[in-house]
Structures are given as C-alpha cells and as structure tokens.
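Subject: Structure for your review

Dear colleague,

Please find below the sequence and the structure that I am handing over to you. My notes on what was found follow directly after.

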Amino acid sequence: MAHNSLEAKNDEFLLDYDPHTRIEPKSPYQNVDPVASPIGIRSKQHSQSPSFLLAWKGEILSWLGSLAFFIAIVGILIYVDKKLLSDLQYLRVTPNALIGLLATFAQSLLLKPVNSAVGQAKWLRSLQKRPIDDFRVIDEASRGAWGGLQLLAARKGGWIASSGAAATIAALAMHTFFQEALHFEAVYTDTGHASIPIARYVNGTASAPIAGTGGSTSDVDPELLLAPYRALYSPVYTKFTTTAYCSTGNCTWDQPYESLGICNTCQNITDKLNAIVVDDHTEYQLPNGFGLRNTDDDLFLLNVTTSWENPGAGSWGYIAFNESGSNLFSVLAVGARNGTVPIQIGLNDNDDDTALIPSAPPIALECLLQYCIRTMNASFVNGVLQETVLSSWTDQSQGLDSVNDLTLRSPRTGIEFVVKNDAVSGMQTWLSPILVGDVYDYYIKYLTAPIFSTPILESIYMAMNTSSTGFQDLMDNLANVLSFEFRTFKYQPPPANGTAFAPDSRAVVVWEWLILPAFELVATLFLLVAVILETKRKDLVPWGNSALAYIFHGLNQRPEGGSYRETQDDMEKSARELLVKFELYDNGGHLVVADHLGEEI
C-alpha cells in the first residue's frame, strides 16, 4: 500500500498522495489506524479539555444569548402593551424596529446550536456502516434551511438530524412571528374642545314678506327666510347639518343634548277622499271640503293648502290630527299618484283607449308640523359631522293661543324651551302662503305642460310624481331645515360642549405569536442536550460541522478509480455506492470504506 507523507514547510502542511490508490475494506480484526506512518506536526499538541461541556461552550452560550434576546423582547412587549405611540417617542426608534433588531439576533444565535447538533449527528450516525451519501446529506442540512429541507425529503439522518432540520426551517419564521406579536390600533385621545349650537328660544326679531300678497308680517327671525326654498328645492333625504366647532376634526359628544326644533308627522288620508261628479266632471273632496276640482278644459293634478287661515284661501282645519298641542299647522295635499293623472270618469278612465297617461284615483296626505324638543348626539369623524336625532318630544297638553308663549318642558332634563307667542303667529303668517298652490293642465286626456301656481308647487309636484313618499320626504326636509336654522339665532344659549380627539396609535400585544419562538427555544435546548449526552455516551469528540474534522478524520484512503478532476455529480454517485464507517483509534479515528454496494441505491 502506498504511504502518504506530510511535510511542514514555512508553516504550511503539504499532502503528497497517489490518486490511483485503491481503498480496501477495513478488516474487522485490524486494531490500528490503517494510515501508514503517522504524520509528524511541529505545532504544539493540545491536551484534552478538562470538562466535556467546555467543548460545547459556543453552542451553550449561543443558546443562552438567544434566550436573553427572547426575554428582552418579552420585556419590551410587556412595557409597551396598551401604551400610546405618542408616549413612546422618547425611545427615538419605533418598538417594531427594536423588536425586529432583537429578533434578528435571537434567530441568528439560535441557529448555532441547531447547526452544530445536526453536524454532530453525521458523526454519530457514521459509527454504523452507512452510505457515504448519508454523511453528505446530513452535512448539508447542518448548513442551512435548504439542506434541511432536502434531508427531510430524503428521510435520512435519524431523529436527531431530522429534528434539527425541522428546527432550522422553523427558525426562518421567528423574526416574522416576533414582529407580528406587536400590533397598533387606531385610537383617539382627548386633546381639545368641541361645541355644537343648540336652540332654546324662538323670539321673532324681524319681519318677512307674505308670498302672493305683496305685504309683510312681523316677528319672523331673518335666518328663516331662505329655509323653505332650501328645503323644498333640495333632493329628498338630504342631510342638513349645522356648523359645529371641532379643533382636531375628530370629536364626540358623550352626552345627548337637546334643541328646540320642528318635527313632521304625516298621515295618508286617501280613505277619507270622496269622488263626486259635478257638471260632468269628477271632483275629489275631503270631509272639510278641500280637494281637487276640474273644469271643462282643465285637469287639476295637485292642490296644496294648510290648516292655518290663509288670506283668500280660508281655513280648512285638521283632518287626521287634533288641534291641541304644540302645532304650527298641518299641510294638506291632494294630487295624482306617482306616474298617473287623476281619473275622470268617462273621459280619461281605463275604458278610454285614447288616453296617453295612466289614470288612477288621487291620493290625499296630511303632514303636521309641530314645535318639538329634539334629543340628539353627534360626532366629527375626519372632519365630517354626523348628527343623529335620537328622539323627539311634543307637548300635546297645551295648545297655541294669542296671549301666552309656547313653553315646552323637557321630560328628560326639565329644561324649558320657549317660543314667543308673536313668533308663532308671525311664522304661520309667513310660511303658510309659501306652501299653498295648485298644479293643473289644459288637456284632460293628453298631459302636455303642467302649469304651476308657484315654483314651490313645481318641486312638490315633481317629488310626488316620482315617489310614493315624495311629499312626506319634502316635509321632512322642511322640518329639518327650520330646526337647524333655529340654532343659528344669535340669542341662543351657549352651545353643547364635546371633546376633541387627536388620532393616535395604541400598542396591542398578541401573545399567541410568541408560541413558535418559545417552542423553538425549548426544542433546540432538548436537541442540544440529547446530542451532548449521545456524544458523551459514544465517546466521540464534538466536532459538529467543523471543516477541520473532515481534513484530519476523513477517509484515510482514496476510493479506486477516483480522479482529482471529478465533478460534484461524479462524487455524489460514488458516495451512493460506498458504505463507510467511523473507526475509533488512539489518534481519534477515521472514516474508512467498509464495503462496496456495486450499484446505485
């Protein structure tokens, strides 16, 4: 057998070997290292470590370091939990960035004992005769997650190497799990003042024109003059809002507040409408005589009036409501159903094939406008005011008279809301004529161009002609606008106070995300302890995945047919054909070729 020799020149070790030497399987009766002449090394020989655990000091310290960083992360999470981000500005770094940094150290340090344990597993496995390819697969698994994945897929390496490979792969997620443990939720902190106007009085401080008469009336507040037009020309369901003060754009009013306003209640009174034929024309009348009348050439489509005594129109009184209570007046409307014209018997009824528009009996509605107390709450969200009416209350125990003021006492707070007597009369005189009027057409069979007595009537007619609730919706608009205008009067009391909030973030710890890192720490500890005990039991030196161990204790002879020009694939094929075993000798031992399989496995 050819001998290898090693010379030390200029502190370098030079290996001289014959690449054509064939390794013969080691005889089980051979008791000495088959390496021909031991190589002399001038460097100082190191004595055996006095303590077996000192050989694992790097792995133990790395695990303890990882544990320390884990504890530090837990401590930071405990400290920042439920705290506002604005209160943590003194850290000069965000908690997530700090946790991310510590998680990187914890993850990196934990991989040291895992990789060493997997690397040591190949030496433990080599004590039994195995393909040299097993040695290669375990070695690659000790160097990263990709090698670990290959080991698990190949199902090689035993439980120690497989557990280490799984731990290496799981460790990749530790950083993410640490980061996910800390979340921030949006909160709003009390930082300032908010206010919203309320109404408690209606005094009637100016005069207003009376529609259709050229005259005027006193005791109407000037802020109301545009309210009917704003309400009746706006689309239905319009959200009318007042002007509130909010210093941050995000405010709340924790306690509901009350304000004097107008409330609307509507009833469908079509069942009280009677059809009467007068001079070959069909008229529709309510019990109080109000309704739709027709002539030889005119087809009336809508008629609107109020219960208040209008100049030139008389007083029609109430139909569905009582006269007692905090009433302003009721509004009566008799008109065509949406998409139809009022039926005229024998002229435009369904028996007449020449009618171009469907005909149907008209409908009758009565909407009561009342002074009321509105209970509301509000919030500002990102600069947008959202106000909600929680409830409304009207006093049905008292009526309006020409002497006494209308006083509403809140059943919830006991606060009094007062409407001056003259202001009630002035508002009736001014508002009622605006709502009164009719709509008709010159042709009974062919609806061409309806004629409106006032522009307001056009808006009412269009709403009723497009929706079955169009009239009620417009009256709601009117009540809401009048209520909001009450709050703009200069003599109203101080506004309702709220709280302004500034957006902030609050830390929320989700402790469940720490289950994987904690399990990884415990599993790595058990793996490390198991490898240490197994290494001591089998009297092996803890080489781990040290490259020097391959140099000093690798194959003592080259397999037959090998060449220094071999590729990686060639060597892997050879590794699958050779069985190797680690033999212990006085000098530490070597991997030796134990057998040839003769075919790829």
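In which loop is Ser234 found? Ser234 sits in the loop that runs between α7 (227-232) and β8 (245-246). Please keep in mind throughout that this is a predicted model.

**Confidence**

The average pLDDT of the protein is 80, and 77% of the residues score at least 70. Strand β5 (residues 201-202) has the highest confidence, at 96, while strand β2 (residues 12-16) has the lowest, at a mean of 37. Over residues 1-50 the pLDDT is below 50, and this stretch has 61 contacts in the model beyond near neighbours in sequence.

Is Ser234 buried or exposed? With a relative accessible area of 18%, Ser234 counts as buried, because the limit for that word is under 20%. A polar atom of the Ser234 side chain lies 2.4 Å from the backbone oxygen of Arg230. When neighbours within four places in sequence are left aside, Ser234 is in contact with Phe240, Leu474 and Asn477.

Tyr233 also lies in the loop between α7 and β8. Its relative accessible area is 44%, so Tyr233 is described as partly exposed. Together with Leu226 and Tyr229, Tyr233 makes a nonpolar surface patch of about 330 Å².

**Arg230 and Glu485**

Which residue does the side chain of Arg230 meet in a salt bridge? The partner is Glu485, with an N to O distance of 3.3 Å. This pair links distant parts of the chain, since Arg230 belongs to helix α7 and Glu485 to helix α10, 255 residues apart. Helix α10 covers residues 470-486.

The two partners may also be described by their accessibility. Arg230 is partly exposed, with a relative accessible area of 35%, whereas Glu485 is buried, at 14%. Not counting residues up to four places away in sequence, Glu485 touches Glu223, Leu224, Ala227 and Arg230.

**Other salt bridges**

Side chains of opposite charge can pair when their charged atoms come close. How many salt bridges does a search of the whole structure find? The search finds eleven. One of them joins the side chains of Glu59 and Lys112, at 3.7 Å from N to O. Here too the pair links distant parts of the chain: Glu59 is in helix α1 (residues 57-80) and Lys112 is in helix α2 (residues 95-125), 53 residues apart. Glu59 counts as buried, at 9% relative accessibility, while Lys112 is partly exposed, with a relative accessible area of 39%.

A further salt bridge is formed by Lys122 and Asp139, whose closest N and O atoms are 3.4 Å apart. Lys122 lies in helix α2 and Asp139 in helix α3 (residues 132-141), so this pair ties together parts that are 17 residues apart in sequence. Both Lys122 and Asp139 are buried.

Which residues do salt bridges with shared partners join into one network? They are Lys122, Asp139 and Arg143.

Yours sincerely

Conventions
Residues numbered from 1 in each chain as written. Heavy atoms only, no water. Helix = DSSP H or I, 4+ residues; strand = E, 2+ residues; numbered from the N terminus. Buried < 20%, exposed > 50% of the residue type's maximum accessible area, 1.4 Å probe, protein only. Polar contact = N/O pair within 3.5 Å; in protein donor to acceptor, adjacent residues only side chain to side chain. Contact = heavy atoms within 4.5 Å. Patch = residues over 30% accessible without salt bridge, like charges linked within 9 Å, V, L, I, M, F, W, Y side chains within 5 Å. Areas by Shrake-Rupley, 256 points an atom, 1.4 Å probe, with all protein chains shown as cover. Salt bridge = Lys/Arg side-chain N within 4 Å of Asp/Glu carboxyl O. pLDDT = per-residue confidence, 0-100.
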